[in-house]
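Subject: Structure for your review

Dear colleague,

Please find below the structure that I am handing over to you. I would be grateful if you would read my notes alongside it.

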Amino acid sequence: MPGPYSFTAEIIHMKKWLLILLIPAFISCRQGRQQVINYYPGTQNVHEKYWVKTDSPEVKDGVYRLYGQNGKLLELRNYRSDLLCDTLMKYYPSGKLIETAVFDEGILNGEREVFFETGQLMISEHYTQGDF
């Protein structure tokens, strides 16, 4: 029966192979996309950052961030082939949450909540494939 040393060596060997297999998979997730950064005119202040498909630069594909002139995040969205997906989040200039809404292939599909700047819930709605 092998001792603890050979068991440890076997685990290290397995970790190396796992790492070798996962690195190409991780890199391939980013292939075919490039980041676009737009600035407010005449400034170095970022207006928006988002990912697009390399072969279709007008098609958003990934995280989209919209910033105010003060540099604070105003909106956080996720696109898949130019359609909103996952949770959209909007923020007041103060940084407090205004709205969350769940999208699936560009259609509201789940909870949508709107908040006062105090954090108190203003509206809570549920959508199923765009229907309220």
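The notes that follow describe the confidence of the model, its strands, its core and its aromatic residues.

**Confidence**

Please bear in mind that this is a predicted model. The mean pLDDT of the protein is 83, and 77% of its residues reach 70 or more. Confidence is highest in strand S8 (residues 121–127), at a mean of 97, and lowest in helix H1 (residues 4–30), at 47. Within residues 17–30, pLDDT stays under 50, and the model has one contact there beyond four places in sequence. Where pLDDT is low, the predicted coordinates should not be read in detail.

**Overall arrangement**

The protein has one helix and eight strands. Read from the N terminus, the order of elements is α-β-β-β-β-β-β-β-β. The protein has 132 residues, of which 25% count as buried.

Strand S1 (residues 33–39) pairs with S2 in the antiparallel sense, over seven bridges. Along this pairing, Gln-34 stands opposite Val-52 in S2. The two strands form a hairpin with six residues between them, and Gly-42 in the turn has a positive phi of about 75 degrees.

S2 also pairs with S3, again in the antiparallel sense, over five bridges. Here Lys-49 has Arg-65 of S3 as its bridge partner. The hairpin of S2 and S3 has two residues between the strands.

S6 and strand S7 (residues 107–115) are antiparallel and pair over five bridges. Glu-99 has Val-114 in S7 as its bridge partner. S6 and S7 form a hairpin with two residues between them, and Glu-105 in that turn has a positive phi of about 50 degrees.

S7 is joined in turn to S8 by six bridges, and these strands run antiparallel. The bridge partner of Phe-115 in S8 is Leu-121. Five residues lie between the strands of this hairpin, in which Gly-119 takes a positive phi near 100 degrees.

**The nonpolar core**

The largest nonpolar core has 12 residues in all: Val-36, Tyr-50, Val-52, Tyr-64, Leu-66, Tyr-79, Leu-84, Leu-88, Ala-101, Phe-103, Leu-108 and Tyr-127. Two or more of these residues come from each of strand S2 (46–53), strand S3 (56–67), strand S5 (83–91) and strand S6 (97–104).

Leu-88 is one of the core residues. Leaving aside its neighbours within four places in sequence, Leu-88 is in contact with Glu-75, Leu-76, Arg-77, Glu-99, Thr-100, Ala-101 and Phe-103. Among these contacts, Ala-101 and Phe-103 also belong to the core, while Glu-99 is the residue that bridges to Val-114.

**Aromatic residues and charges**

The count of aromatic pairs comes to three. One of them is the pair of Tyr-127 and Phe-132, which is tilted, with 5.5 Å centre to centre and 50 degrees between the planes. Tyr-50, Tyr-64 and Tyr-79 form one aromatic cluster, and these three tyrosines are also listed in the core.

Two charged side chains lie over ring faces. Lys-60 lies over the face of Tyr-50, at 5.2 Å from the ring centre. Arg-33 lies over the face of Trp-51, at 5.0 Å from the ring centre.

Phe-132 counts as exposed, because its 70% relative accessibility is over the 50% cut-off.

Phe-132 is found in the segment after S8. Not counting residues up to four places away in sequence, Phe-132 touches Glu-125, His-126 and Tyr-127. The C-alpha atoms of Phe-132 and Asn-109 are separated by 9.2 Å, although the two residues are 23 apart along the chain.

With kind regards

Definitions and conventions
Residues numbered from 1 in each chain as written. Predicted model: local features only at pLDDT ≥ 70, side-chain atom pairs only at ≥ 80, totals over all residues. Heavy atoms only, no water. Phe/Tyr/Trp six-rings, centres within 6.5 Å; stacked < 30°, edge-to-face > 60°. Buried < 20%, exposed > 50% of the residue type's maximum accessible area, 1.4 Å probe, protein only. Lys NZ or Arg CZ within 6 Å of the ring centre and 35° of its normal. pLDDT = per-residue confidence, 0-100. Helix = DSSP H or I, 4+ residues; strand = E, 2+ residues; numbered from the N terminus. Contact = heavy atoms within 4.5 Å. Core = buried A, V, L, I, M, F, W, Y, C linked by side-chain atoms within 4.5 Å. Pairing = 2+ DSSP bridges.
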